[in-house]
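Subject: Handover of a structure and the findings on it

Dear colleague,

Please find the structure below, together with its sequence. The findings follow after it, and I would be grateful if you read them with the structure open.

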Amino acid sequence: EIEPAIRDERRRCHTVSLHLSTMADHHRIRRIAERQHGLVARTQADAEGLTKRALERAVERGWIERLSPRVLRINGSVRNEHQVAMAAVLDTKGGVVALESAAALWGTRGFRLEPVHVLTTRRPHRGTAHLGIVHSSTSISDDDRTVVDGIPVTTPLRTLLDLAGRLRPKRTESLCDDLWRRGLLRLEDLHALVADLPRRGG
């Protein structure tokens, strides 16, 4: 029979080992979240080798909270519109902020970031709730994507293209003027867009 002192020592070693493992998991989560406005996608946690139990422990200890089955938030991180936008993107596969939300992220007056519109090449699953309003497109390429403040977003040109069919002509013209005036659009890009319009799908 194992002596009580040895049994107690083994128990303490197990507790210390579990604590160190939990702390290491927490640090790995935080490293990812620092680049993403305090957020981590579940797929990113999986890629880091974090088990379901490790995430459950982090939730139990109050280190993280689940915003959705696919997105985790570091407790204590700053809650703001950019975090909301990043959460909506991470809640989809390959999504980017788009439409009115993209115009707002590019700093255009008269547009609101929330509710966050997200564009993805994958059609959202019916009946699945998301953190943003998800739209799908078969014609979004890498050239249509960029990053603003760490948040994936459609380029100014793609944003203009997507909104052109949703806005009144006068507002579309105002948006185009604003983006061009601030150096976010080039005349050659606009010419190429007009020439390419008949070949583009939605």
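Buried residues account for 40% of the 202 residues in the chain. Please bear in mind that this is a predicted model. The chain contains 8 helices and 8 strands. Its accessible surface amounts to about 12200 Å², and carbon and sulfur atoms hold 52% of that. Of the contacts between residues at least 6 apart in sequence, 54% connect residues at least 24 apart.

Helix α7

Helix α7 covers residues 169–181, and its 13 residues should span 18 Å at 1.5 Å a residue. The C-alpha atoms at its ends are 18 Å apart, in agreement with that expectation. T172, L175, C176, D178 and L179 are the buried residues of this helix. Viewed down the axis of α7, they fall within an arc of 165°, and therefore line one face of the helix. An α-helix has 3.6 residues a turn, so residues three or four places apart point the same way. On the face of α7 turned away from the buried side are the exposed residues P169, K170 and R181. Just after the helix, G183 adopts a positive phi of about 75°.

Helix α3

Helix α3 runs over residues 52–60, and its buried residues are A54, L55, R57 and A58. Their arc around the axis is only 155°, so they lie on the same side of α3. The exposed residues K52 and E60 are carried by the face turned away from that buried side. Just after α3, G62 has a positive phi of about 80°.

Salt bridges

A search of the whole structure gives 13 salt bridges, and I describe some of them here.

R73 and E65 form one through their side chains, at 2.7 Å from N to O. R73 has a relative accessible area of 3% and counts as buried, because the cut-off for that class is under 20%. E65, with a relative accessible area of 23%, is partly exposed.

In helix α6 (residues 156–164), D162 and R158 are 4 residues apart, which is about one turn of the helix. Their side chains meet in a salt bridge of 2.8 Å, N to O. Both D162 and R158 are buried.

D178, listed above among the buried residues of α7, has its side chain in a salt bridge with that of R182, at 2.7 Å from N to O. The relative accessible area of D178 is 13%, so D178 is buried, whereas R182 is partly exposed at 32% relative accessibility.

A residue in helix α4

Is Q83, which has a relative accessible area of 6%, buried or exposed? Q83 is buried, because 6% lies under the 20% cut-off. This residue belongs to helix α4, which covers residues 81–90. Neighbours within four places in sequence aside, the contacts of Q83 are H37, G38, L39, R73, S77 and V78.

With kind regards

Terms used
Residues are numbered from 1 along each chain as its sequence is written. This is a predicted model: local features need pLDDT of at least 70, side-chain atom pairs count only at pLDDT 80 or more; totals for chains, interfaces and linings use all residues. Side-chain values use heavy atoms; hydrogens and water are left out. Helices (H or I, at least four residues) and strands (E, at least two) are DSSP runs, numbered from the N terminus. Buried means under 20% relative accessible area, exposed over 50%, partly exposed in between (1.4 Å probe, protein chains only). Contact means heavy atoms within 4.5 Å. Accessible areas come from the Shrake-Rupley method with a 1.4 Å probe; for residues, only the protein chains shown count as cover. The expected span of a helix is 1.5 Å times one less than its number of residues. The arc is that of the directions from the helix axis to the C-beta atoms. A salt bridge is a side-chain nitrogen of Lys or Arg within 4 Å of a carboxyl oxygen of Asp or Glu.
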